[in-house]
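Dear colleague,

I am passing on the structure below, and after it you will find notes on what came out of it. Please read them with the structure open beside you.

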Amino acid sequence: MEEYKLTKAERLSNRSHIDALFKKGNPSFHAAPFRFVWIKPETSEVDSFCQIIIICPKKRYKRAHTRNRIRRQIREIYRQNKNPLLEKLKSVNNKIALGIFYQGADEMDFQITKDIFVSALLKLASNFEKNT
RNA sequence: AGGCAAAAUCGGUUAUCGCUGAGUAAUCAGAGGAAAGUCCGGGCAACACAGAGCACCAUACUGCCUAACAGACAGGAUUUCGCAAGAAAUACAGAAAGUGCAACAGAAAGGAAACCGCCACGGCUUGCCGGGGUAAGGGUGAAAGGGUGGAGUAAGAGCCCACCGGUUUUGCAGUGAUGCAAGAUGCAGGUAAACCUUGCGGGCUGAAAGAUCAAAUAGGUGAAAAGGGUGCAAAUGGGCACCCGGGGGCUGCUCGUCCUUACUAUGUGUCUGCACGGUUUUUCACGGGUAGAUCGCUUGACCCUGCCGGUGACGGCCGGGCUAGAUAAAUGGUAAGAGCCCGACUUGUCGGGAUACAGAAUCCGGCUUACAGGUUUGCAUUUUU
RNA sequence: UGACCAGUCGUCCAAUGGUGAGGAUAUCUGAUUUUGAAUCAGGGGAUGUAGGUUCGAAUCCUGCCUGGUUAG
C-alpha cells in the first residue's frame with residue numbers, strides 16, 4: 001500500500017515537540033544542500049510514523065517568495081519519495097520527528113535536488129536499521 | 001525605427017498527483033498592484049475618564065470632499081522657466097512677544113559706525129595735521145538699515161517730491177484665501193527644516209488586542225475523614241492491654257495472622273481525658289489559569305452595470321454579485337497543445353522561455369518605493385515618401 | 001505584529017552648522033639595517049543614497065537603502 005498524501009498529521013506542528021527537536025535532536029548527517037535532524041518523540045500519541053518540518057532560514061533567504069518556493073518544492077519531493085523511509089520505520093515500529101534544513105542556492109533545480117534528497121532519505125533509513 | 005517620460009494593465013487552456021477552505025456528497029473556490037516599506041489616517045477591541053491647565057507629539061494659504069488624513073479636488077499667493085500664451089514647484093502662520101546665531105573678511109553684522117572718500121572750518125612747513133559734518137561713490141561680505149530719478153545742500157541724507165515696492169485704513173467684488181480702486185504712512189535687514197509663540201488636533205495600548213471552553217502538574221478557597229467501647233495505670237503524668245469497626249500486607253478467594261488508625265512545640269482553654277485552633281495526609285467540590293481548542297476572521301466606509309446631482313474630488317438611487325482565510329502558516333510538481341517572446345537557419349520549421357517587481361497573517365482609505373513585456377499618450381532624434 | 005537606534009578612510013573612533021573632515025591602526029613609498037622587525041619621514045584613501053532648508057550641511061528636515069537592538 002503506497003500513499004502519496006501529506007496530511008497535517010505528518011507535519012510537525014506542536015511547539016514543544018519542535019523545541020525538543022532543536023534542543024535534544026540527534027545531529028545527523030549533511031547531504032549537499034540538505035541537513036537532517038531527528039528525534040524520537042517522548043509521547044506515543046502521534047498518529048503518523050514520521051513528522052517532518054522544513055526549515056529555510058530567513059537569515060539566508062531574505063525574500064519571502066524565495067523561502068516559500070523552496071519550502072514548497074522540498075515538500076513536493078518528500079511527498080513523492082517518502083514511502084521507503086516510512087516502510088522501514090513501520091517494520092521496526094519507530095516514530096520520529098524529522099527536521100529538514102535547506103542551505104543551497106536561491107534558485108534550485110528540481111530534478112537534481114530530487115536525486116540528492118532521495119539518496120539522503122535512503123541513507124537515513126539504513127542508519128535507522130542499525131540503531132535498532 | 002529605436003530612445004526617454006507618464007498613464008492604465010499585470011496573458012493563459014486542458015489533464016493528472018497533492019495542499020487549504022466550504023459542502024452530507026457530487027463538486028466549487030484559492031495571493032497583489034503594489035499583498036512590500038510600516039510613513040500617515042480610521043474602523044474594531046481592552047483599559048481609563050468631573051472640568052481646566054502644564055508637558056510631549058503632530059500639523060499650518062482658502063474653500064470643498066471624506067469615517068478620517070500629512071490624501072484628493074477646485075482656487076489664491078509666491079518662486080522658477082518661458083518673448084508670450086502658459087507650465088512646473090511650494091514644510092505657504094508669526095522675526096514689532098522674548099532668547100539666541102551669523103566663521104572668515106570688513107570701519108560696522110543691528111535703533112550702528114566711518115577704512116578709502118566728499119565737504120566747509122582752524123592751523124601751518126601749501127599738502128599735510130587737527131577737531132567737526134556727511135554717507136552719494138569705492139572697498140568687504142551670502143547679507144550693509146527700501147529702489148530709481150529729481151529738488152535741495154558747503155557736501156550730503158525720505159530731509160522733501162514723483163514713480164515703483166512694502167505696511168496699513170476705507171470702499172467695491174468674492175463663501176473665503178485674495179484681488180481692484182482710493183487714501184494714509186517716510187518704512188529697524190536675515191534665520192523659526194535655531195529655541196520659541198499662536199491657532200487647530202491627539203486619553204492610552206494594539207488582533208500575540210480581546211471573548212468563550214479547558215487536560216496534566218503545582219498552588220489557592222471551602223467541606224468531610226483520621227473512629228467507638230471497656231478495664232487498668234498515672235499528676236515530675238497524659239500511657240498500656242483487650243474488644244468492635246475502617247484501611248493495608250501475606251493468598252486466586254475465604255479463614256487466619258501481622259501492621260496501621262497520624263502529629264501538635266514550654267499553642268490556648270479546661271481538667272479527665274476532652275474541646276478549640278494549627279500541621280500533614282486522603283477524598284470531594286469550587287474558582288483562577290498554562291498547553292490546547294473555538295470565536296475575533298472576512299458581508300465590507302465591498303465589487304459590477306445603469307441613471308441622477310456636482311466644474312471636480314465625490315455623493316445619492318435602482319438592480320445584480322459574494323470574490324483567500326491559513327496558524328511552524330495552504331497556491332506546488334509533471335505532461336500536452338493554440339497564441340506570445342527570444343535565437344538559429346530559412347520564410348515555416350527547429351530549439352528555448354513562461355518570466356519583471358514580488359507572497360495575504362485583524363480589516364479598510366491614502367502616501368512612498370520596486371517593476372519584464374506588450375498597449376495608449378506626449379517629447380525629442382534618425383531614415384524614407 | 002509593533003517600538004527604537006545607527007550608518008564617517010580597509011578597521012576602530014573623533015569633529016558646537018563655518019579653515020583643506022581629525023586621530024589610532026592597516027596599506028604604499030623612502031630612510032635606517034647584510035635582511036627583516038621596531039623606529040623616523042612622506043603619500044594615497046572616507047561623511048550610505050536622492051532631494052530640500054541655509055551665504056554655507058558629516059551635522060538640520062524629508063523620502064529611500066543597509067545593518068542592528070528590543071517587547072510578547
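Helix α2 (64–81) makes the greatest contribution to the surface near RNA strand B, namely eight residues, where a residue is near a strand if its C-beta atom, placed from the backbone, lies within 6 Å of it, and where helices (H or I, at least four residues) and strands (E, at least two) are DSSP runs numbered from the N terminus. This is a predicted model, in which local features need pLDDT of at least 70 and side-chain atom pairs count only at pLDDT 80 or more, while totals for chains, interfaces and linings use all residues. Residues are numbered from 1 along each chain as its sequence is written, and chains are lettered from A and ligands numbered from 1 in the order in which they are written.

Among the 21 residues around RNA strand B, those that come nearest are Lys5, Ser13, Arg63, His65 and Asn68.

Arg35 sits in strand β2 and is partly exposed, because 17 other C-beta atoms lie within 10 Å. Although 64 residues separate Arg35 and Gly99 along the chain, their C-alpha atoms are 8.2 Å apart.

With regards

Notes: A residue is buried if 20 or more other C-beta atoms lie within 10 Å of its own, exposed if 12 or fewer, and partly exposed in between; C-beta atoms are placed from the backbone.
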